[in-house]
Amino acid sequence: MAERISEILQKRLSDWLGFYEDLGIRLFYSDRGAAAVRPSEQRSEPPAMARFSTPNIQKEETLPKPAGKSALRVTTPIVTPVSPKIPSLPVAAGPSLFESVDRIVDDTLLKVREDLGECTRCKLHSTRHKIVFGDGNPKAELVFVGEGPGADEDAQGLPFVGRAGKLLTQMIEAMGLQRKDVYICNVVKCRPPENRQPEEEEVSTCSPFLFRQIDVIAPKVIVCLGAVAAKTLLQTNRGISQFRGEWLEFRGRKLLATYHPAYLLRNPPAKSEVWKDLQKVMAVLGLEVKKGKSS
Ligand code: SF4
């Protein structure tokens, strides 16, 4: 039984390390305490000195008096249990776990793309035609994050090139920018079948690559297009209408969530709300706010 547990732990640890290594994350090896613990050590009882802090407080105890002798007084150390430093094993890799890992030094978009590779980490790979990694200025001050590729994007390998993409382009140009000035990407990089919303597991598997992209680009402002992007970056289950247009934060960067262009195609009156949001972004970026460019 003990051997069986060991194998399971070893497999889980190996999978966990492999997943993060695929992402290019190797910095947690610098945690000497974590790295020093081998799977076999997790199973067995840790040695006493590993489990207990060095005792520096002592207490006296009176042991039961043996027959015909005086009571024994002995001094025993008071020990404080300390958990052995074992890295916790994630149940499912996801954004919150990723965020607990140090950012990668000298990361680049090229490295992120190479680490992503011809990804088969989630089931979306089986129906995609092309991975849609992201597009635009790798040093952009403004990053737009959408939900996932649609049919046009899947065919071309580029984000936001369909009808919703054309609307996004118009919005960007209305801000006085061009697409090449900003960076555009999605939470998941493969098209969900029938344009359904990406599932939680797909998001948690794919989004660490998005986080790396954002870290590398280091934009001044992140604009989330739609609820999936907002919920992923903000780690919230609140509806987007509760915080749309508010300045929030993602890993120290200003973040604002607004409606997805696809929603605007279905609800054109909401364009004016989005334009108000984008004007806030323009103010932060020092762009001139021109009136009446929302339609
Ligand atoms: S959606 Fe992301 S995690 Fe899933 S297969 Fe595509 S690239 Fe990989």
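## Close-up views of a predicted model

**View 1. Residues around the ligand.** By class, the shell around the ligand holds six nonpolar, two polar and three charged residues; Ala, Val, Leu, Ile, Met, Phe, Trp, Tyr, Cys and Pro count as nonpolar, Asp, Glu, Lys and Arg as charged, and the others, Gly among them, as polar. The model is predicted, so local features need pLDDT of at least 70 and side-chain atom pairs count only at pLDDT 80 or more, while totals for chains, interfaces and linings use all residues. Residues are numbered from 1 along each chain as its sequence is written, and side-chain values use heavy atoms, with hydrogens and water left out. The shell consists of Leu116, Cys119, Arg121, Cys122, Leu124, His125, Arg128, Lys189, Cys190, Thr205 and Cys206, where a residue is near a molecule if one of its heavy atoms lies within 4 Å of it. The ligand takes up the space of the largest cavity. A cavity is a set of points, on a 1 Å grid over the protein atoms alone, where a 1.4 Å probe fits but cannot get out; a molecule sits in a cavity if more than half of its atoms lie within 2 Å of its grid points.

View 2. Cys119, one of the residues around the ligand, is buried at 12% relative accessibility. Buried means under 20% relative accessible area, exposed over 50%, and partly exposed in between (1.4 Å probe, protein chains only). Cys185 is also buried, at 1% relative accessibility. The closest cysteine sulfur to that of Cys185 belongs to Cys224 and lies 9.6 Å away, too far for a bond. A disulfide is a covalent bond between the sulfur atoms of two cysteines. With the cut-off for a disulfide set at a pair of cysteine sulfur atoms within 2.5 Å, a search of the whole structure finds zero disulfides.

View 3. The side chains of Arg212 and Asp115 form a salt bridge with an N to O distance of 2.9 Å. Arg212 belongs to helix H9 (residues 200-217) and Asp115 to helix H6 (residues 109-116), so the pair links distant parts of the chain, 97 residues apart. Helices (H or I, at least four residues) and strands (E, at least two) are DSSP runs, numbered from the N terminus. A salt bridge is a side-chain nitrogen of Lys or Arg within 4 Å of a carboxyl oxygen of Asp or Glu; by this rule the count comes to eleven. Arg212 is buried, with a relative accessible area of 2%.

View 4. Arg128 and Glu118 meet through their side chains in a salt bridge (3.6 Å, N to O). Both residues lie in the loop between H6 and strand E3 (135-136), so the pair ties together parts that are ten residues apart in sequence.

View 5. The side chains of Glu202 and Lys123 meet in a salt bridge at 3.3 Å, N to O. This pair links distant parts of the chain, with Glu202 in helix H9 and Lys123 in the loop between H6 and E3, 79 residues apart. Glu202 is buried, with a relative accessible area of 2%, whereas Lys123 is partly exposed at 48%. A network of salt bridges links Lys123, Arg196, Glu199 and Glu202.

View 6. Ile131 is placed in the loop between H6 and E3 and counts as buried at 11% relative accessibility. Its C-alpha atom is 8.3 Å from that of Leu158, 27 residues apart along the chain. Ile217 is found in helix H9 and is buried at 5% relative accessibility. The C-alpha atoms of Ile217 and Lys139 are separated by 5.2 Å, although the two residues are 78 residues apart along the chain.

View 7. Phe160 is not a glycine, yet has a positive phi of about 50°. Phe160 lies in the loop between helix H7 (151-156) and helix H8 (163-174) and is buried, with a relative accessible area of 5%. Gln235, also not a glycine, has a positive phi of about 55°. In helix H10 (residues 227-234), Val228, Ala229, Ala230, Thr232 and Leu233 are buried.

Note on methods. On a 1 Å grid over the protein atoms alone, a cavity is a set of points where a 1.4 Å probe fits but cannot get out, and a pocket is an open set with protein on both sides within 12 Å along at least five of seven lines; lining residues have an atom within 4 Å of a point.
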